[in-house]
Amino acid sequence: MALVHEFGIIDILTEFSDAEYTPDKYHCISVNDDSIQALLQPLSLVKTYFNTLDQPEYGLAYYGTTIIPPESLPSFLDIVLSTRNLNQQDDLIELCRKIIHAKNEDKHMIHYGI
């Protein structure tokens, strides 16, 4: 079974809990594992947090929860936009829309790797 990657927007950061898996709460979209694999190396330079805001890291927690702060969203978007064959990958186009939405609202994003 392929790994599933889900991305959403955290509307109210104080209500975030890493103890529960709640993709519906964050209006998550799914992104193909092959698409994420291609992004892992460039994303390794993007400031993120693993599981909680007490664990600063870089890149995506491939298995688990990643919190992407608003200041990292422009870099995240640039990396996704630079993906080869972007126009042929609907999941990455949808991810770009989700990043832009979070960026415009100055919100944190969440990534679940399950």
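1. In this predicted model, Gly-113 lies in strand β6, where a relative accessibility of 6% makes it count as buried. Leaving aside residues up to four places away in sequence, Gly-113 touches Leu-3, Val-4, His-5, Tyr-62, Tyr-63 and Gly-64. Its C-alpha is 8.3 Å from that of Thr-66, although Gly-113 and Thr-66 are 47 residues apart in sequence.

2. His-111 also lies in strand β6, and with a relative accessible area of 0% this residue is buried. The side chains of His-111 and His-5 are joined by a polar contact of 3.0 Å. When residues up to four places away in sequence are not counted, the residues that His-111 touches are His-5, Glu-6, Phe-7, Leu-60, Ala-61, Tyr-62, Gly-64, Thr-65 and Thr-66.

3. How many aromatic pairs does a search of the whole structure find? The search gives 4 aromatic pairs, one of which is formed by Tyr-21 and Tyr-112, in an edge-to-face arrangement with 4.8 Å from centre to centre and 75° between the planes. Because Tyr-21 lies in the loop between β1 and β2 while Tyr-112 belongs to strand β6 (residues 108-113), this pair ties together parts that are 91 residues apart in sequence. As for accessibility, Tyr-21 is partly exposed, with a relative accessible area of 41%, whereas Tyr-112 is buried, with a relative accessible area of 3%.

4. The rings of Tyr-62 and Tyr-63 have their centres 4.9 Å apart and their planes at 90°, so this pair too is edge-to-face. Tyr-62 is buried, with a relative accessible area of 19%, a value to be read against the cut-off of under 20% for buried residues. Tyr-63, by contrast, counts as exposed at 65% relative accessibility.

5. Turning to the helices, the buried residues of α1 (residues 33-43) are Asp-33, Ser-35, Ile-36, Leu-39 and Leu-43. These residues cover an arc of only 135° around the axis, which puts them on the same side of α1. The face of α1 turned away from the buried side carries the exposed residues Asp-34, Ala-38 and Gln-41.

6. Against which elements do the buried residues of α1 pack? Their partners are the strands β1 (5-10), β2 (29-31) and β4 (56-58), together with the helices α2 (73-81) and α3 (90-104). At the start of α1, a side-chain oxygen of Asn-32 reaches to within 2.6 Å of the backbone nitrogen of Asp-34, and Asp-34 is itself one of the exposed residues on the face turned away from the buried side.

7. In α2, the buried residues are Leu-73, Phe-76, Leu-77, Ile-79 and Val-80. Seen down the axis of α2, they fall within an arc of 160°, so they line one face of the helix. What covers the buried residues of α2 includes β1, α1, β5 (64-68), α3 and β6.

8. The count of cavities of 30 Å³ or more comes to 1, and about 30 Å³ of space lies in the largest cavity, a volume that should be read with that threshold in mind. The lining of the largest cavity is made up of Leu-43, Val-46, Thr-48, Gly-59, Leu-60, Ile-68 and Phe-76.

9. Asp-106, which is not a glycine either, has a positive phi of about 55°; the place of Asp-106 is in the loop between α3 and β6, and it is exposed, with a relative accessible area of 58%.

Note on methods: Residues are numbered from 1 along each chain as its sequence is written. This is a predicted model: local features need pLDDT of at least 70, side-chain atom pairs count only at pLDDT 80 or more; totals for chains, interfaces and linings use all residues. Side-chain values use heavy atoms; hydrogens and water are left out. Buried means under 20% relative accessible area, exposed over 50%, partly exposed in between (1.4 Å probe, protein chains only). Helices (H or I, at least four residues) and strands (E, at least two) are DSSP runs, numbered from the N terminus. The arc is that of the directions from the helix axis to the C-beta atoms. Contact means heavy atoms within 4.5 Å. A polar contact is a pair of N or O atoms within 3.5 Å; within protein, one must be able to donate a hydrogen and the other to accept it, and residues adjacent in sequence count only if both atoms are side-chain atoms. Rings of Phe, Tyr and Trp (its six-membered ring) pair if their centres lie within 6.5 Å; planes under 30 degrees apart count as stacked, over 60 as edge-to-face and the rest as tilted. On a 1 Å grid over the protein atoms alone, a cavity is a set of points where a 1.4 Å probe fits but cannot get out, and a pocket is an open set with protein on both sides within 12 Å along at least five of seven lines; lining residues have an atom within 4 Å of a point. Grid points are joined across faces, edges and corners, and a volume is the space filled by probe spheres set on the points.
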